[in-house]
Amino acid sequence: MTGVDAIEKAKLIDRATPADRLILETLLDQYESSRRFSGQHKIERKVQVSVSRLFPQYLDHADYETFAAVNEAIITLERQDLIIVKRDRARICQSIRLNLDILALAYRYLDRTPKKDIQSALADLLTRYQGQTDVLDRFCLSQLERIAANKSVAYFSDDLAEFEQILIAVAALHQVRTETFTRDFSVRVFKDSKAFDRISSKVVNLLFEFGDFPEKDQVLTSLNLVKNPTYVHFKGAGVLVLRGQRIDLSVLSGDIALSAAVLPDIESITATGGEVMTVENLTSFHLASGAGRLLIYLGGFHNQVRRDFIAKVQAQNPQATYCHFGDIDAGGFQILQHLRRQTGIDFRPWKMDLATLQQFAAYARPLTDNDRKRLEALLETEFSAVIRYMLEHNIKLEQEAVDHR
């Protein structure tokens, strides 16, 4: 049958019934997942399905209604030459084979877009966004390889428009240089204040999988996308000059916090004790003593605002000692590693070693399966000794349980 004949014949086809659709969708799914479809198989295998497997009640003599409906659907498709049917001597349908000579008509019958067209459109999008950021480069390359192997594309849910929005968002997030509210970002990028919310979970998952983010729940914050302004908390042995006003932090009974908007007004900050310590969790930051050191609350996974503040401190105090106090768990170790990479400062771990874990083991918690996987991935790092002990004794320790002096 020629292409013209197929189009003319398609005009005579009525809308598919549920049974028609199930038969044809199953056959096309099987064809599109086959090696023949991807060109990896030299032998032309038939694309077929057993009728009794597709309709288990077909051979139930007590269910004549199903038997008749299935036969009617099969005959309808057979008359259109979309399928080839094998019957036994009693004219009972045994198997149904897809007619590969008129595939275009089968897709038209179901109003279904051929997988090759979808793959081509996806490949065009991935090629267009490849290289725009390191994350997109890794993601796009990996998905192009999946397409070549006839595998599904991650974060694609049969909606090309949504998929492109995900790629646009990932690219745009890496261009955000100052703290930006989520709705403002959505309006600026999509001209719709709610558009980003609809895809944010997929964007975060993609960034976490292909980027360098120890904690998934802080991915957007680390890229300067926030729902509320970020404040940098700090205290201890330091002197701050803010718009000509000198503030001796050591005489205060607690910490001070400056919003991102005020940070550019800092003229100087001096670590008078010669030591700067970042602290992962807020409770530990409040409990930790600031005697002899300048303490900076990191907020778990640090964002650009806090990194900029740390960079300003380091630029004005290059001779100071820099250390980090975090949880003795996979997240704590990863946060320290990321802090070093992002700031270029060689932070030393403080009370994140085996001796500390053993000293406060009474307050330890058991590991989860995910904890074990993350720790095993860090076995070849400087934390190997404490990690091996953690895995062997099935424990981890939050920094709140540690003596903060």
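1. Of the chain's 405 residues, 47% count as buried. The model is a predicted one. The chain holds 18 helices and 14 strands. Its accessible surface is about 21,100 Å², and carbon and sulfur atoms make up 47% of that area.

2. On overall shape, the radius of gyration of the chain is 31 Å, whereas a compact globule of 405 residues would have one near 22 Å. Taken along the principal axes, the C-alpha atoms fill a box of roughly 95 × 50 × 40 Å. Among contacts in the chain with a separation of 6 or more, 66% join residues 24 or more positions apart.

3. The largest nonpolar core has 54 residues, and the members that touch the most others in it are Phe-234, Phe-309, Phe-333 and Ile-387. Another core lies apart from this one; it has 36 residues, including Cys-140, Ala-169, Leu-173 and Val-176.

4. Leaving out residues up to four places away in sequence, Phe-234 touches Leu-240, Leu-249, Asp-255, Ile-256, Leu-258, Ile-269, Phe-285, Leu-295, Ile-296 and Phe-309. One of these, Phe-309, is also on the list of core residues that touch the most other members.

5. Helix H5 covers residues 64-79, which is 16 residues; at 1.5 Å a residue it should span 22 Å, and its end C-alpha atoms are 22 Å apart, so the two values agree. The buried residues of H5 are Thr-66, Phe-67, Val-70, Asn-71, Ala-73, Ile-74 and Leu-77. Viewed down the helix axis, these buried residues fall within an arc of 160°, and therefore they line one face of H5.

6. The buried residues pack against helix H2 (18-32), helix H4 (51-54), strand E2 (83-87), strand E3 (93-98) and helix H6 (103-110). Tyr-64, Glu-65, Glu-72 and Arg-79, on the other side of H5, are exposed.

7. Most residues other than glycine have a negative phi. Just after H5, Asp-81 has a positive phi of about 65°. Asp-111, which is not a glycine either, has a positive phi of about 55°. Asp-111 sits in the loop between H6 and helix H7 (115-129). With a relative accessibility of 72%, Asp-111 counts as exposed.

8. Asn-394 also belongs with the backbone points: its phi is positive, near 55°, and it is a residue other than glycine. Asn-394 is in the segment after helix H18 (384-393).

9. Where does Gln-304 lie? Gln-304 is in helix H14, which takes in residues 304-316. At 24% relative accessibility, Gln-304 counts as partly exposed; a residue must be under 20% to be buried. Leaving out residues up to four places away in sequence, Gln-304 touches Ser-222 and Asn-224.

Methods:
Residues are numbered from 1 along each chain as its sequence is written. This is a predicted model: local features need pLDDT of at least 70, side-chain atom pairs count only at pLDDT 80 or more; totals for chains, interfaces and linings use all residues. Side-chain values use heavy atoms; hydrogens and water are left out. Helices (H or I, at least four residues) and strands (E, at least two) are DSSP runs, numbered from the N terminus. The expected span of a helix is 1.5 Å times one less than its number of residues. Buried means under 20% relative accessible area, exposed over 50%, partly exposed in between (1.4 Å probe, protein chains only). The arc is that of the directions from the helix axis to the C-beta atoms. Contact means heavy atoms within 4.5 Å. A nonpolar core is a set of buried Ala, Val, Leu, Ile, Met, Phe, Trp, Tyr and Cys residues joined through side-chain atoms within 4.5 Å. The radius of gyration is taken over C-alpha atoms; the globule rule is 2.2 Å times the number of residues to the power 0.38. Accessible areas come from the Shrake-Rupley method with a 1.4 Å probe; for residues, only the protein chains shown count as cover.
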